[in-house]
Amino acid sequence: SIYGCTDSEALNYDQYATIDDDSCIYTITQDLYLDGIILNNVSLYNDPLEPNVEDVFSDVNIVLVTNDEGDYYIPGNGVNTIGDWELGKGYQVLVGGFNDVDISIEGYPIDASQNPIELQPFLLNNIAYLLDGASSVETVFDGIPVIFVSDDSGHYYIPGSNVNTIDSSGGMKPGKGYQVLISGTESIELVYGEPDDEGLGRNVAIVGSSDYYDVTRTGVSHPIVIDQITGLVSEGDELVAYANGIPIGVAPANPEGASLLVAWKSLYEYGIDTDGYHDGDDIEIRLYSQDIGAELRVVTEFNVDAYGDMPITFGSIHVLDEHAVPAEFGLEQNYPNPFNPATTINVSVATNSHVLLNVYDINGRLISTLADDMYDTGYHSFIWNGIDQSGNKVSAGIYFYSLHTKEMTLTKKMILMK
């Protein structure tokens, strides 16, 4: 007797075997869905029969494929530094034509428990999900010091802030790639167990969907965790993230607890200047009030001021009883007043304008020019530290500050104390 695989359809068919020993291995086919308008983050749970990335996407109009090591496949330019598909890696894929694509990839079955994934410190790891069924992200990363895990749909697991929209939307899923940032200075090995979808939610709402805003989802996002909202906020209001005057993210406001606001990044780094933030853009938050039917101004206390400065933005916000965009030019009373050694002056700019803000003494002599430039519509703050144009400290007393634009002039009084 010769033991082996006697099924001619199997990959390891043994033509000489006379007794089947249950060792037959068969290929499995995995379906991948590619959204035509975002940078998809995908992965495989099989080992492709034709592993080169060119063969994997041979029937797809591909703009680019990239991984977390800076390798690219750009068929339009004849670039392929990726080569063979690497098990354990997630790949970001941008298709051409703005049409959704479904592809099927035939490959060898793999044992996820025998394919550990190395998570590198100080790197936004883009990893594969190697299981053929959904699992809880909290279970998968149990015992691993995760800062955050995210997918291309704007779902996040941020254990330090008790945020887990990945599990509430169905958990980690086959075909998805996940970006993972860990803490510490040492590499960590991730080994998948068996799929376990117990207790997972089924929230299928699209991140950033709103009745009031049309936000462009790009597949690349930035999480803003707001742990407290004070001021003029009610249930049903919406938080809106802005960059350069364009809404790039929206989420329901939670007056009683934490809110996760996902801001979408432009694909400018890939040569496609979609709506979204650029690294270095100022973070601006507004609140849409359903009761008022307008956006209200928000004051933020975040760990950073600009997108891209840190992997996560977090902090608190306060909603003011005033419109997010000024309806008219205005000059606020300085604060503190009286003051020593410095004071802040707030200016409202109704339209993009040249703004001149001067400080005068009680005799009308020019002491200091705080602003003399073009300013965008919005609220701007200026600080006077009691220094004159020559860099000398001025004496205590009464001073006047005056706002000049082509539309109007406003003047207010302030007191410097010693």
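Predicted model: local features only at pLDDT ≥ 70, side-chain atom pairs only at ≥ 80, totals over all residues.
User: Why is Tyr-129 called buried?
Analyst: The word buried is used for a relative accessible area under 20%, and Tyr-129 has a relative accessible area of 0%, so Tyr-129 counts as buried.

User: What makes Tyr-178 count as buried?
Analyst: Its relative accessibility is 1%, which is set against the cut-off of under 20%, and therefore Tyr-178 counts as buried.

User: Why is the aromatic pair of Tyr-129 and Tyr-178 called edge-to-face?
Analyst: The structure holds 11 aromatic pairs, and one of them is formed by Tyr-129 and Tyr-178, with 6.5 Å centre to centre and 75 degrees between the planes. Rings pair if their centres lie within 6.5 Å, and planes over 60 degrees apart count as edge-to-face, so the angle of 75 degrees gives this pair its name.

User: Which parts does this pair tie together?
Analyst: Tyr-129 lies in the loop between strand 12 (125-128) and helix 2 (137-140), whereas Tyr-178 lies in strand 16 (residues 177-182), so the pair ties together parts that are 49 residues apart in sequence. In the protein there are three helices and 31 strands.

User: How do you know how the protein compares with a compact globule?
Analyst: A compact globule of 418 residues would have a radius of gyration near 22 Å, but the protein has 28 Å. Along the principal axes, the C-alpha atoms fill a box of roughly 115 × 45 × 45 Å.

Definitions and conventions:
Residues numbered from 1 in each chain as written. Heavy atoms only, no water. Helix = DSSP H or I, 4+ residues; strand = E, 2+ residues; numbered from the N terminus. Rg over C-alpha atoms; globule rule 2.2 N^0.38 Å. Phe/Tyr/Trp six-rings, centres within 6.5 Å; stacked < 30°, edge-to-face > 60°. Buried < 20%, exposed > 50% of the residue type's maximum accessible area, 1.4 Å probe, protein only.
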